[in-house]
Amino acid sequence: MSSTTKIDLNQVSYLLITGASRGIGQRMAIETARKLKPGSIIVLLARSASGLESTRAEILEVNSRITVVTSSVDLGNASKQLLEDIIEKSLTKTPVSNFELATIIHNVGTIGNVERKAVDMCDRQEWEEYFATNVFTVGVLNSCFLHKFKECAKKLVVNVTSKACMVPFKSMGFYCAGKAAREMYFKVLADEETDLVVLNYSPGPVDTDMTVDIQGRSMDEGTRNYFKDLRETTTILTTQQTTEKFLSILEAGQFKSGDHVDYYD
């Protein structure tokens, strides 16, 4: 396996992470920040301004020599112009040439309506709203980011994906369809842009608000019981566990750009 996917995080880096106000995104932002060199900039995006502030405070506790920028934004309806402006504003005093590594982590994700079967997913607006947040804006933001950092020597694109992009889960038609579409976009990107490192990271079943939500609201008893059993048998992972695995995957570089790598691989 080529070592070109090996990522040294101990560099002057620009890191943009979505869904950074809680859960996996929050933990990834904090633990990645520990490793970055002074002069690095981290940009945190999510809807919750208060959640972003708590992530920012925790990052500065572990690494006070980097800059943390927060932007409260609804990625369901964010325009290309808004996304470009967020990136531009975060760089007001810093030329792109300062960074040795530019990283974007697409962690944002919603579960969608889990109270209906695939046969009943007939509301076009619901489809459009789901894909707007989970697929469309992801692609637009990714494009804005890569055009801005095209001169950066090393670029890393991470898509937080799921086993659900390959395995169907009853009641989770929106989620499974969105994850599958999103991952295939990143696989095409990796094939086309050979100078990028692209990782589709599947974090495993993690104890987050999302898995609690599925357990409580899914119309399918089997799906509800699956998540209930994970909790009761303590096989559900913490955000810390999955983040540590994620960082070790990057540092080992034992994957091909575009690969789907699961926590359990």
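Predicted model: local features only at pLDDT ≥ 70, side-chain atom pairs only at ≥ 80, totals over all residues.
Residues are numbered from 1 along each chain as its sequence is written, and side-chain values use heavy atoms, with hydrogens and water left out.

The protein contains 8 helices and 7 strands, where helices (H or I, at least four residues) and strands (E, at least two) are DSSP runs numbered from the N terminus. Its radius of gyration, taken over C-alpha atoms, is 18 Å, close to the 18 Å that the globule rule (2.2 Å times the number of residues to the power 0.38) gives for 265 residues, so the protein is as compact as a globular protein of that length. Along the principal axes, the C-alpha atoms fill a box of roughly 50 × 40 × 40 Å. Buried residues (under 20% relative accessible area with a 1.4 Å probe and protein chains only; exposed is over 50%, and partly exposed lies in between) make up 52% of the 265 residues. Of the contacts (heavy atoms within 4.5 Å) between residues at least 6 apart in sequence, 81% join residues at least 24 apart.

Helix 1 (residues 23-33) packs against helix 2 (residues 49-62) at an angle of about 20°, with the axes 9 Å apart; these axes are lines fitted to C-alpha atoms, for helices over the stretch in contact, and angles run from 0 to 180 degrees between N-to-C directions. The contact involves Gln26, Arg27, Ala29, Ile30 and Ala33 of helix 1 together with Gly51, Ser54, Thr55, Glu58, Ile59 and Val62 of helix 2. These residues divide into 5 nonpolar, 4 polar and 2 charged, with Ala, Val, Leu, Ile, Met, Phe, Trp, Tyr, Cys and Pro counted as nonpolar, Asp, Glu, Lys and Arg as charged, and the others, Gly among them, as polar.

The axes of helix 1 and helix 8 come within 9 Å and cross at roughly 50°, and these helices are therefore oblique to each other, again with a right-handed crossing. Here Gly23, Ile24, Arg27, Met28, Glu31 and Thr32 of helix 1 meet Thr239, Gln240, Thr242, Thr243, Phe246 and Leu247 of helix 8, a set of 4 nonpolar, 6 polar and 2 charged residues.

Within helix 2, Arg56 is partly exposed at 30% relative accessibility and, leaving aside neighbours within four places in sequence, is in contact with Leu44, Val68 and Thr70.

Most residues other than glycine have a negative phi. Ser171, in the loop between strand 5 (154-160) and helix 5 (173-192), has a positive phi near 80° and is buried, with a relative accessible area of 8%. Thr234, in the loop between helix 7 (221-232) and helix 8 (239-252), likewise has a positive phi, near 55°, but counts as exposed at 65% relative accessibility.

Terms used:
Parallel < 35°, antiparallel > 145°, perpendicular 65-115°, else oblique. Left-handed = near helix turned anticlockwise from the far one by under 90°.
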